[in-house]
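I opened this notebook to record what I looked up, side chain by side chain, with the cut-offs written beside each term.

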Amino acid sequence: KVVETQKEIAECKDLISQSDEKCRMIAEICSAISVEKLKEESAAIVEIEKDIILIKSEKKRVENELKRIKKSASKMESVPCGTSFPNCKFIRDSYKDSQKIEPQAKQLESTIEILSKAKKSLQKIKKTNPDDQIKKHEALTLKKSLIEVDMSKARNKVESLSERIEDYKVKLFEDQKKLDTMKARFIDDESDPRILAIKKSK
């Protein structure tokens, strides 16, 4: 029983040692992951995506306005006097719109550039996969906790088995004392006819 129990203790200690190494490795990996930074990046992705929707909407508005003023300005081409009389009621609005074409085109160009930068920023942050890394960190943390629970159980088992061995040793010691007492009594009672009879039977 003692040998079997000692074998169990050795197995438990080996498990504790392996588990402790796993926990150390997980702790190293987790320490290299900044959850707060990843959460900031994840929030940034949401914000940039919202911004992109707004910029696309603004781009569409600017494009439509540019089309409108170009169409309006083109009316002057069909008027014989052209731009000679900008205050003429027939071409007054068209003339004003013709003056807006260049600024509107520049605004469109600027909006497209902002949209392009926003998309590049989004792609850059998405490459780090912050949400996936956060999930990985959470999974590793959970795994470490489960390993620590198993280690605690193994330590408790080692303690329980060690106590059992001590109990075995005490019992063995007591049994040995009883045996020694019996041997001593056997020697002292050599004159007893029953003892002599046992010896002769051997």
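I began with Thr-111, which I found in helix 3; helices (H or I, at least four residues) and strands (E, at least two) are taken as DSSP runs and numbered from the N terminus. I noted that this is a predicted model, in which local features need pLDDT of at least 70 and side-chain atom pairs count only at pLDDT 80 or more, while totals for chains, interfaces and linings use all residues. Residues are numbered from 1 along each chain as its sequence is written, and side-chain values use heavy atoms, with hydrogens and water left out.

**Entry: Thr-111.** Is Thr-111 buried or exposed? With a relative accessible area of 8%, Thr-111 is buried, where buried means under 20% relative accessible area, exposed means over 50%, and partly exposed lies in between (1.4 Å probe, protein chains only). Setting aside neighbours within four places in sequence, I listed Ile-55, Glu-58, Lys-59 and Val-62 as contacts of Thr-111, a contact being heavy atoms within 4.5 Å.

Entry: Glu-58 pairs with Arg-61, with the closest N and O atoms 2.9 Å apart; the two are 3 residues apart in helix 2 (residues 35–73), so about one helical turn separates them. Both partners are partly exposed, Arg-61 at a relative accessible area of 43% and Glu-58 at 28%. Lys-59 meets Glu-63 in a salt bridge of 3.0 Å, N to O, and these residues lie 4 residues apart in helix 2, again about one turn of the helix. I recorded 22% relative accessibility for Lys-59 and 22% for Glu-63, which makes each partly exposed.

**Entry: a bridge between helices.** Which residue forms a salt bridge with Asp-97? The partner is Arg-68, with the closest N and O atoms 3.4 Å apart. This pair links distant parts of the chain, since Asp-97 sits in helix 3 (residues 92–127) and Arg-68 in helix 2, 29 residues apart. Asp-97 is buried at 5% relative accessibility, whereas Arg-68 is partly exposed at 40%. I also noted that Asp-97 and Arg-68 belong with Glu-65 and Lys-100 to a network of salt bridges.

**Entry: nonpolar cores.** I took a nonpolar core as a set of buried Ala, Val, Leu, Ile, Met, Phe, Trp, Tyr and Cys residues joined through side-chain atoms within 4.5 Å. The largest has 13 residues, and those with the most contacts inside it are Ile-9, Ile-16, Ile-26, Ile-147, Met-151 and Val-158. Helix 1 (2–31) and helix 4 (130–188) each supply at least two of its residues, and helix 4 gives the most, with 7. For Ile-26, leaving aside neighbours within four places in sequence, I found contacts with Leu-140, Lys-143, Lys-144 and Ile-147. A second, separate core of 8 residues includes Leu-115, Ala-118, Leu-122 and Ile-125.

**Entry: cysteines.** How many disulfides does the structure hold? I found 0 disulfides, taking one as a pair of cysteine sulfur atoms within 2.5 Å. Cys-23 is buried at a relative accessible area of 7%, and Cys-30 is buried at 13%.

How values were computed
Salt bridge = Lys/Arg side-chain N within 4 Å of Asp/Glu carboxyl O.
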